[in-house]
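Please read this briefing alongside the sequence and the coordinates. It begins with the terms and the overall fold, and then turns to the sheet, the nonpolar cores and a few selected residues.

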Amino acid sequence: MNAAQFLIDTSALARFMHGDAEQYGWDQAAAAGLIAVCPITELELFYSSRSAVDREQGIEDMRLVFGWVPVDDRAYDRAWQVQDALTRRGQHRSAGPVDLVVAATAELQGLTLLHRDRDFECVAAVTGQALQWYGPEAGK
């Protein structure tokens, strides 16, 4: 059973991996197994790897810190539905495909989306899902 309560997005994960988790208390949540990552976030994060060694070290570090949740087919259907709802509001350019799939994965898994990207506020206005801002100035 997965003990995770949060699904971390790339916007928060990049900051976490660069060492500011302790400053905001998220290191303790990760150590307790409360934060998970999903495959599409991993792909997005490691897109910016500087080398194969950098990527391998990042993967090793991430596997030690975070739980893992899959992205199932339902997430793509839900992302499609949310994109449609955002389009009807004129906000379809607010969240890209990766953000929509990550948000849908969090929603379907019953996890709070841990992020640092205001686009998720537009998504949550449609879905009603739980969000948590990573770092200072929560929601500002």
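Two strands are said to pair if DSSP finds at least two bridges between them, and the helices (H or I, at least four residues) and strands (E, at least two) are themselves DSSP runs, numbered from the N terminus. This is a predicted model, in which local features need pLDDT of at least 70 and side-chain atom pairs count only at pLDDT 80 or more, while totals for chains, interfaces and linings use all residues. Residues are numbered from 1 along each chain as its sequence is written, and side-chain values use heavy atoms, with hydrogens and water left out.

**Overall fold**

- The protein contains seven helices and five strands, which follow one another along the sequence in the pattern β-α-α-β-α-α-β-α-α-β-α-β.
- The radius of gyration, taken over C-alpha atoms, is 15 Å, close to the 14 Å that the globule rule (2.2 Å times the number of residues to the power 0.38) gives for 140 residues, so the protein is as compact as a globular protein of that length.
- Taken along the principal axes, the box filled by the C-alpha atoms is roughly 45 × 30 × 30 Å.
- Of the 140 residues, 41% count as buried, where buried means under 20% relative accessible area, exposed means over 50%, and partly exposed lies in between (1.4 Å probe, protein chains only).
- The protein exposes about 7800 Å², of which carbon and sulfur atoms supply 50%; accessible areas come from the Shrake-Rupley method with a 1.4 Å probe, and for residues only the protein chains shown count as cover.
- Among contacts (heavy atoms within 4.5 Å) between residues at least 6 apart in sequence, 68% join residues at least 24 apart.

**The sheet**

- The five strands form an open sheet in the order β3-β2-β1-β4-β5, with parallel pairing, and its edge strands, β3 (67–68) and β5 (131–133), each pair on one side only.
- Strand β1 (residues 6–8) pairs with strand β4 (residues 112–115) in the parallel sense over three bridges; the bridge partner of I8 in β4 is L114, and that of L7 is L113.
- Strands β4 and β5 also pair in the parallel sense, over three bridges, with L131 as the bridge partner of L113 in β5.
- In a regular strand the side chains alternate between the two faces of the sheet. In β4, T112 and L114 point one way and L113 and H115 the other way, and all are buried.

**Nonpolar cores**

- A nonpolar core is a set of buried Ala, Val, Leu, Ile, Met, Phe, Trp, Tyr and Cys residues joined through side-chain atoms within 4.5 Å. In the largest such core, which has 22 residues, L7, C38, L100 and V123 touch the most other members.
- The elements that give two or more residues to this core are α5 (73–88), α6 (97–109) and α7 (119–127), and the largest share, six residues, comes from α6.
- Apart from this core lies another, of 17 residues, with F6, W26, A30 and M62 among them.
- Leaving aside neighbours within four places in sequence, L7 is in contact with a set of residues that includes A36, V37, C38, V69, V102 and A106.

**A106 in helix α6**

- A106 is found in helix α6 and, at 0% relative accessibility, counts as buried.
- With neighbours within four places in sequence set aside, A106 is in contact with L7, L111, L113 and Q129.
- A106 and W68 are 38 residues apart in sequence and 12 Å apart in space, C-alpha to C-alpha.

- S11, which is found in helix α1 (residues 10–24), is buried, with a relative accessible area of 14%.
- The side chain of S11 makes a polar contact with the side chain of D9 (2.6 Å); a polar contact is a pair of N or O atoms within 3.5 Å, where, within protein, one must be able to donate a hydrogen and the other to accept it, and residues adjacent in sequence count only if both atoms are side-chain atoms.
- Beyond its neighbours within four places in sequence, S11 is in contact with H115, R116 and D117.
- A14 also lies in helix α1, but at 23% relative accessibility A14 counts as partly exposed.
- A14 and R116 are 102 residues apart in sequence and 9.8 Å apart in space, C-alpha to C-alpha.
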